[in-house]
Amino acid sequence: RREAAGASQPFRARAMDEVSRFREAQMHMADTQQDLQRTMEGPDWPKEDWPLSMEDAKLVGDAEVVIGEQLKRLNDLIDPIGGLANVHEAGDEAVLEQMAYLRGMMSGYGELIERHVA
């Protein structure tokens with residue numbers, strides 16, 4: 001709903017909002033990765049059961065690959081304009097769409113990991 005209401009905002013405002021949400025998603029993803037790493041390197045390891053099954057570990061690995069590919073695609077779009085800091089100057093809707101798509105992927109990745117470390 002917030003995004004639908006934002007469509008009437010000028011590009012600059014929508015871009016700044018999307019960059020903020022994107023950075024927040026990046027930080028959340030990094031935090032969940034650190035939580036998983038701490039769980040797997042806990043003081044009881046290797047006696048402690050791994051938090052991920054082999055299938056779940058494969059899903060996490062696959063998600064990281066896909067996110068990495070999409071992040072490269074985003075970087076290909078934003079590097080010529082000077083990176084995230086200048087997205088609001090570009091006027092390129094494709095950049096905002098790629099950021100929103102990648103943000104959704106990072107959110108799903110975080111949910112996948114949180115199921116195992118919570």
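## A term to begin with

A polar contact is a pair of N or O atoms within 3.5 Å, where, within protein, one atom must be able to donate a hydrogen and the other to accept it, and where residues adjacent in sequence count only if both atoms are side-chain atoms. In this predicted model, a polar contact of 2.8 Å joins the side chains of Gln98 and Gln70.

## The model and its confidence

The structure is a predicted model, in which local features need a pLDDT of at least 70 and side-chain atom pairs count only at pLDDT 80 or more, while totals for chains, interfaces and linings use all residues. Residues are numbered from 1 along each chain as its sequence is written, and side-chain values use heavy atoms, with hydrogens and water left out.

The protein has an average pLDDT (the predictor's confidence in each residue, from 0 to 100) of 86, and 84% of its residues score at least 70. Among the elements, the lowest mean pLDDT, 52, belongs to helix H1 (residues 2-6), and the highest, 93, to helix H4 (residues 87-90).

## Overall make-up

Helices and strands are taken as DSSP runs numbered from the N terminus, a helix being H or I over at least four residues and a strand being E over at least two.

Of the 118 residues of the protein, 32% count as buried; the word buried stands for under 20% relative accessible area, exposed for over 50%, and partly exposed for what lies in between (1.4 Å probe, protein chains only).

## Helices H2 and H5

Two packed helices are described by the angle between their axes and the distance between the axes. The axes used here are lines fitted to C-alpha atoms, for helices over the stretch in contact, and the angles run from 0 to 180 degrees between N-to-C directions. For helix H2 (residues 11-40) and helix H5 (residues 93-117), the axes come within 9 Å and cross at roughly 25°, which makes H2 roughly parallel to H5. Angles under 35 degrees count as roughly parallel, over 145 as roughly antiparallel, 65 to 115 as roughly perpendicular, and the rest as oblique.

The crossing of H2 and H5 is left-handed, a word used if the near helix is turned anticlockwise from the far one by less than a right angle, with right-handed used if clockwise. The residues of the contact of H2 with H5 comprise 15 nonpolar, six polar and seven charged, where Ala, Val, Leu, Ile, Met, Phe, Trp, Tyr, Cys and Pro count as nonpolar, Asp, Glu, Lys and Arg as charged, and the others, Gly among them, as polar.

## Residues of helix H2

Arg14 has its place in helix H2 and counts as buried, because its relative accessibility is 17%. The side chain of Arg14 makes a polar contact of 2.6 Å with the side chain of Glu93.

## Helices H3 and H5

The axes of helix H3 (residues 54-78) and H5 come within 10 Å and cross at roughly 160°, and therefore H3 and H5 are roughly antiparallel to each other. H3 passes H5 in a left-handed crossing, and the contact of H3 with H5 has 19 nonpolar, three polar and three charged residues.

Ala57 is found in helix H3 and is partly exposed, with a relative accessible area of 34%; Ala57 and Ile113 lie 9.4 Å apart in space, C-alpha to C-alpha, and 56 residues apart in sequence. Gln98, which lies in helix H5, is buried with a relative accessible area of 4%.
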